[in-house]
Amino acid sequence: MTTVTVHHAKTHLSKLIAAAERGEEVVIARGDKPAVRIVPFEPAAKPDRKPGRLKGVGKFDESFFDPLPEEELRLWEGRGD
């Protein structure tokens, strides 16, 4: 484990990043108190996506496709007169 001061970290940031990427633990301290740890970035795992996963979960009544009543259509279009 490498512990350095904030001043040293500002001066040698590229080297400290390279050390963290190699797997070394790098800690930056304010005075003698550890403040942060530099760790390599690990991208989040992508979720397992499967087409059709929700097939059959929801159902539409045939009336879903019927035209809206004129009054409701006016409200959806912002013509609430």
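## Aromatic pairs

Two rings of Phe, Tyr or Trp count as a pair if their centres lie within 6.5 Å. The model searched here is a predicted one. Across the whole structure, the search finds three aromatic pairs.

One of them joins phenylalanine 60 and phenylalanine 64. Their ring centres are 4.5 Å apart. Their planes meet at 40 degrees, so this pair is tilted. Phenylalanine 60 also pairs with phenylalanine 65. Here the centres are 6.3 Å apart and the planes stand at 55 degrees, so this pair is tilted too.

## The phenylalanine cluster

Which residues do the ring pairs link into a cluster? They are Phe60, Phe64 and Phe65.

Are phenylalanine 60 and phenylalanine 64 buried or exposed? Both are exposed. Phenylalanine 65 is exposed as well, like phenylalanine 60.

## Valine 4

Now to a residue in a strand. Valine 4 sits in strand β1, which covers residues 2–5. Its relative accessibility is 9%, so valine 4 counts as buried. The cut-off for buried is under 20%.

What does valine 4 touch, leaving aside residues up to four places away in sequence? Its contacts are Ala9, Leu16, Val27, Ile28 and Ala29. Take valine 27, one of these contacts. Valine 27 is 23 residues from valine 4 along the chain. Yet the C-alpha atoms of valine 4 and valine 27 are separated by 6.4 Å.

Notes
Residues numbered from 1 in each chain as written. Predicted model: local features only at pLDDT ≥ 70, side-chain atom pairs only at ≥ 80, totals over all residues. Heavy atoms only, no water. Helix = DSSP H or I, 4+ residues; strand = E, 2+ residues; numbered from the N terminus. Buried < 20%, exposed > 50% of the residue type's maximum accessible area, 1.4 Å probe, protein only. Contact = heavy atoms within 4.5 Å. Phe/Tyr/Trp six-rings, centres within 6.5 Å; stacked < 30°, edge-to-face > 60°.
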